[in-house]
Amino acid sequence: MRDPYEVLGVAKTASAAEIKKAYRGLAKKFHPDHNKNDPKAAARFSEINSAYEIVGDDAKKVKFDRGEIGADGKPRFTGFEGFGAGPGGPRGGGGPGGPHFDFNFGGAGARGGGFDAADIFSELFGGAAAKRAGGAAPPRRGADVVATANVPLETAVLGGAARVVLPSGRTLDVQIPAGVEDGKQIRLRGQGQPGPVGAEPGDALITIKIAPHPRFRIDGRDLRLDLPVTLYEAALGGKISAPTLDGKVELSVPPGSNGGRVLRLRGKGLPAGDGKPAGDLYVTLKLMTPEAPDPEFDALMTKWRDQKPYDPRKGI
């Protein structure tokens with residue numbers, strides 16, 4: 001794998017903020033959703049994410065800079081070629097001035113500050129080998145990954161599938177339950193980063209993001225709608241047609257309604273789900289004058305202005 005600094009186009013001395021900024025720019029540029037006709041983009045996107053997993057993580061960055069791990073995140077075993085070499089025999093280059101290796105297999109009773117083989121056995125070979133080497137804990141599971149599933153309102157209401165791109169560039173089809181709320185997180189077991197040999201992989205944590213709708217606005221489990229009405233509908237009242245997620249219904253407008261008045265349709269928001277009841281639909285009346293010029297309407301408004309004036313802003 002290429003040097004992660006080279007992949008991200010930053011210097012080794014770059015700050016965490018500079019590395020993050022470079023990653024975001026490249027990830028946006030090479031995201032598969034923006035390069036559907038470029039098969040190389042997915043590979044580049046995966047390479048960018050792998051590089052950021054190394055230098056975007058403070059602990060891994062330090063280890064990489066020290067040469068303790070490679071660009072693939074795996075440990076580098078350096079200096080071990082000295083075993084059996086030179087006049088020192090199996091001690092490892094043990095001639096005067098040659099390299100010397102201290103091994104600490106026994107914890108507190110061994111030579112302090114030495115090399116603990118149990119740690120490496122635990123990481124590479126899992127719990128059984130770790131116990132044989134010194135009783136270390138089982139290997140850690142793989143890291144979790146996070147991603148966002150952008151879904152239309154209709155999918156959030158009825159349920160369905162959404163395609164998600166993980167940070168590694170791998171795609172998943174996620175099942176969206178009916179009635180899911182915006183911001184809800186779904187956990188996909190075993191779909192995260194692979195763990196060391198013998199360890200379980202991590203999980204994928206998918207956050208649901210409901211895309212903006214041309215008509216409805218989401219407010220928790222409720223929906224909000226701006227509904228245009230004529231002056232005579234607002235003044236005289238009556239029944240008008242209003243859209244809902246289930247189709248159109250009749251909405252009763254009280255006489256003398258003003259613009260901005262809010263009417264509620266119970267149970268017409270997001271459907272019941274996740275142990276929560278269905279939300280409501282809040283309809284805000286929006287007064288509309290005639291679109292086309294109308295001399296009679298203008299004359300009527302002039303008459304009202306001159307003969308029956310009133311101040312709706314009194315006290316403001």
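## Strands β4 and β5

Strand β4 and strand β5, residues 204-210, are joined by four bridges. The two strands run antiparallel. The model described here is predicted.

## The three-stranded sheet

β4 and β5 belong to an open sheet of three strands. The order is β1-β5-β4, and the pairing is mixed. The edge strands are β1, residues 145-151, and β4, residues 185-188. Each of these edge strands pairs on one side only. From one strand to the next, the twist averages 30°.

Strands of a sheet can pair in parallel or antiparallel fashion, through backbone hydrogen bonds.

## The four-stranded sheet

Another open sheet is built from four strands. Read across, the order is β6-β7-β11-β10. Pairing here is mixed. Why is one side of β6 and of β10 left without a neighbour in the sheet? β6 (216-219) and β10 (262-265) stand at the edges and have a single partner strand each, so one side of each stays without a neighbour. Neighbouring strands of this sheet are turned against each other by 30° on average, direction ignored.

## Strands β7 and β11

Strand β7 covers residues 222-230, and strand β11 covers residues 281-288. Eight bridges join them, and the two strands run parallel. In this pairing, L223 stands opposite L281 in β11.

Methods:
Residues numbered from 1 in each chain as written. Predicted model: local features only at pLDDT ≥ 70, side-chain atom pairs only at ≥ 80, totals over all residues. Heavy atoms only, no water. Pairing = 2+ DSSP bridges. Axes fitted to C-alpha atoms, helices over the stretch in contact; angles between N-to-C directions.
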